[in-house]
Amino acid sequence: MEYKIDVNNQVEIYDIGKVAKQAAGSVLLKIKNTVILAAISRDDEQVDGNFVPLTVQYIEKAYAAGRIPGGFIKRETKPSDFETLTSRVIDRSLRPLFPDGYAYPTQLTVFVLSCDPEVDLQVAALNAASAALFLSDIPVNKVVSGVRIGKIDGELIVNPTNSELKNSSLDLYVAGTKEELLMIEMRSIPSMDTEVVTTASIDPMLSENVFVNQSSNEFTEDEILEAIDKAQSAITEATKAYEETFTPLKKEDASLEYKASLEDDEVYEYIEKNYADEVKNAISQMAKSERASELNNIVKKILTDDIAEKEGWEEEVVKNVINEYKKKIVRQMIIEDGKRADGRGLKDVRPISIETNLLPNAHGSCLFTRGQTQALVVVTLGNDKDGQMYELLTEKGTQTDTFMVNYNFPGFSVGEASPLRAPGRRELGHGNLARRALEPVIEMDRLQTIRVVSEILESNGSSSQATICGASLALKAAGVNVKKLVAGIAMGLVFEGDKHAVLTDIMGLEDHDGDMDFKVAGTKDGVTALQMDIKLGGVSRDVLQEALYQAKEGRLHILEIMEDADSKIEVNNAVLPKLELFSVDPSKIVDIIGQAGKTIREIIEKFEVSIDLDRDKGEVKIAGDDKTKVEAAKEHINEIVSRPSRGRDQRGGGRDRRPRDNKPIPKFVQDEVVDGVVKRIVDFGAFVELPGGIDGLLHVSKIADHRVERVSDYLEIDQKVRVRILKQNGSKIELALEK
């Protein structure tokens, strides 16, 4: 049966009972031309541990977009980063719904079978997965909805299309039930403003080059709250519609056994009476490995006591009760005393130390240490050929990512003797969060490919936020034009009865024993990225507002320390690759290449550089390891293009060896208005023939008062125009269109 639900700017059609009927629950969701299958299954035998053994796999099928997988093996193999991150989003949203003590291995599979390029696959995938779980015989009685909020022209939009999202300044993804939010992910999206600013010359045809100003589009705390309110309303509307539709179709809950609680009041009272001080001392051990070792020692001591042997206490029960007692002590100290396990106040940030460019051969590096969390962040610069190629179902062709953030978490960072493995979902998620936080302050029109690698050397609380801080300074240390420094901070919330406490810069212990953790990253002007996981029921708007503003205080404190470190950075220019991008008359590209490529080969060999030429745009890109040689190559090319081109004979073959007449170059007065004729149109403007037979360049920025996308929309060949002389330097003449 098909069930149509029109909600939040999209029509969702759920086909139930048609496919995958042997699964515990399944749906086929259609939105426009997107079709997604979600199916959930569970085993009949419980696992030994006391946890929810849920596995989520979101898989995109290449045939969904009419493609055959690229590469040597022509079938879907290793999941892409997008697939892994989407699986993580679904898992984080649905895991809190499972009942306590549920321990049956459960597999949730989501297949994208058909893909409409305008449909948000993450929103659709979560909604399909939630429907399959709710309809199954697994005792989950709440429906989850995912929504995305964009902001276009100052207006908040629910579930924008993929095309609309490209014009948005906000990307906010929220998952929740009718009563509560479960997960929030937010990022600001940089944009190019219409205000024109000038920069130093990189174009030999002009004395200055004109760019559109880039805005990082940070969001204030109040703006974030407004967007979250919008998302909450949309989620409430959607989940009500889902419940009305799906409740009559839900399978009867299976008769399942649940893991018994490992709490024991007798053991708890014994620990509280006899081992309270030892547990408190163990809590004071800040490193995770040290604290776990101390608690294990207490468990062993208890098990040797007479009462333990007499009552037959099991090690697993004692260990669980110890952890519950430890949790109670930690939370009691926070709520009642306003103190934390390491002696800090609720708003205190741990001591921070920063060292930049400690790696002599790396392009940029930063060792960022905050308390017992330490990240070594290294930046490497490359050219556009070094970008990461990838494919998305919703985009045509292959995409190239020129800003990459890789996060690594070796076992020794928490004192574990574990082997190094390929990055998992956690590593990819943390790297993605750092990238989203930093991307708004990196130049959109950058020449370089930038790779940031964060090696976590020590971890006790939010190494992802240490990565953001370290990366921001490492980029500066590599000479990258970072518009603003970005800092990240991890926050926590603890609730006891009608009391609550907001914690700044949480450590691992507080993350584990708290009720909510969220990470906020941004500049002095606002938030660029936010991630929040809520472990309990709904959080009021007032508490959320308090938490966001307290996070702002902590972020500004860290930024102040980072700014001091920034002022002391010494860029190691000797190891930095050099890139130059400039424009020439497109007709001169052939002179740079030379006969059979002889000239360009000589330049490459002489100056030890690589050269990329764009014949249509007249762009020349030079890259090399030696700044002096790159600049010399640029000067050499400018000399080539400034020479008069040798004409061809009338037969069109070979060069005309006859000397050309050396006509005198006419002189013009600045701001003089003259008549001209458009002779050639290029991407960056038009060449206009002036009185005296000389051409001047009418740059695209001088054609109109607003941004001009295509010159041909305003000018055509042989059109007569009136132009004003802006500047003349020999044969190089800059023009502006006279209004």
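How many bridges pair strand β13 with β14, and in which sense? β13 (residues 352-356) and β14 pair in the antiparallel sense, over five bridges. One of the positions to look at is threonine 356, which stands opposite cysteine 366 in β14. The model is predicted. Keep that in mind throughout.

Stay with β14. This strand covers residues 364-370, and seven of its seven residues are buried, so it is largely enclosed by the rest of the structure. In a regular strand the side chains alternate between the two faces of the sheet. The list for β14 reads that way: Gly364, Cys366, Phe368 and Arg370 point one way, while Ser365, Leu367 and Thr369 point the other way. Both sets are buried, Arg370 included.

β14 also pairs with strand β15 (residues 373-382). That pairing is antiparallel and runs over seven bridges. Cysteine 366 turns up again here, opposite valine 377 in β15. So much for the bridges. The connection is a hairpin, with two residues between β14 and β15. Glycine 371 sits in the turn and has a positive phi of about 60 degrees.

Now widen the view to the sheet. It is an open sheet of five strands, in the order β13-β14-β15-β19-β18, with mixed pairing. β13 and β18 (403-408) are the edge strands, and each pairs on one side only. From one strand to the next, the twist averages 15 degrees. Helix α11 (residues 463-477) packs on this sheet and touches β13, β14, β15, β18 and β19. The direction of α11 makes about 145 degrees with that of β14. Further along the sheet, β15 pairs with strand β19 (residues 449-458) in the antiparallel sense, over nine bridges. In that pairing, leucine 381 stands opposite isoleucine 450 in β19.

β25 and β26 (residues 619-624) pair in the antiparallel sense over five bridges. Aspartate 612 has lysine 621 in β26 as its bridge partner.

Next, a helix pair. Helix α6 (residues 276-283) packs against helix α9 (residues 315-337) at an angle of about 75 degrees, with the axes 10 Å apart. Angles from 65 to 115 degrees count as roughly perpendicular. α6 and α9 are therefore roughly perpendicular to each other. From α6, the contact uses Ala276, Val279, Lys280 and Ile283. From α9 come Ile322, Tyr325, Lys326, Ile329 and Val330. Those residues divide into seven nonpolar, no polar and two charged.

Is it buried or exposed? At 15% relative accessibility, alanine 276 counts as buried; the cut-off is under 20%. Leaving out residues up to four places away in sequence, alanine 276 touches Ile271 and Tyr325. The C-alpha of alanine 276 is separated by 42 Å from that of methionine 186, 90 residues apart along the chain.

Helix α1 (residues 81-94) has 14 residues and reaches 20 Å from its first C-alpha to its last, close to the 20 Å expected at 1.5 Å a residue. 12 of its 14 residues are buried, so α1 is largely enclosed by the rest of the structure. Among them are the charged positions Glu83, Arg88, Asp91 and Arg92.

Helix α13 (residues 541-567) has 27 residues and reaches 39 Å between its end C-alpha atoms, close to the 39 Å expected. An α-helix has 3.6 residues a turn, so residues three or four places apart point the same way. The buried residues of α13 include Val543, Ala547, Gln550, Ala551, Gly554, Arg555, Ile558 and Met562.

Finally, the whole protein. There are 16 helices and 31 strands. The C-alpha atoms fill a box of roughly 115 × 60 × 50 Å, taken along the principal axes. Buried residues make up 51% of the 739 residues. Of the contacts with a separation of 6 or more, 68% come from residues 24 or more positions apart.

Definitions and conventions:
Residues are numbered from 1 along each chain as its sequence is written. This is a predicted model: local features need pLDDT of at least 70, side-chain atom pairs count only at pLDDT 80 or more; totals for chains, interfaces and linings use all residues. Side-chain values use heavy atoms; hydrogens and water are left out. Helices (H or I, at least four residues) and strands (E, at least two) are DSSP runs, numbered from the N terminus. The expected span of a helix is 1.5 Å times one less than its number of residues. Buried means under 20% relative accessible area, exposed over 50%, partly exposed in between (1.4 Å probe, protein chains only). Two strands pair if DSSP finds at least two bridges between them. Axes are lines fitted to C-alpha atoms, for helices over the stretch in contact, and angles run from 0 to 180 degrees between N-to-C directions. Angles under 35 degrees count as roughly parallel, over 145 as roughly antiparallel, 65 to 115 as roughly perpendicular and the rest as oblique. Contact means heavy atoms within 4.5 Å.
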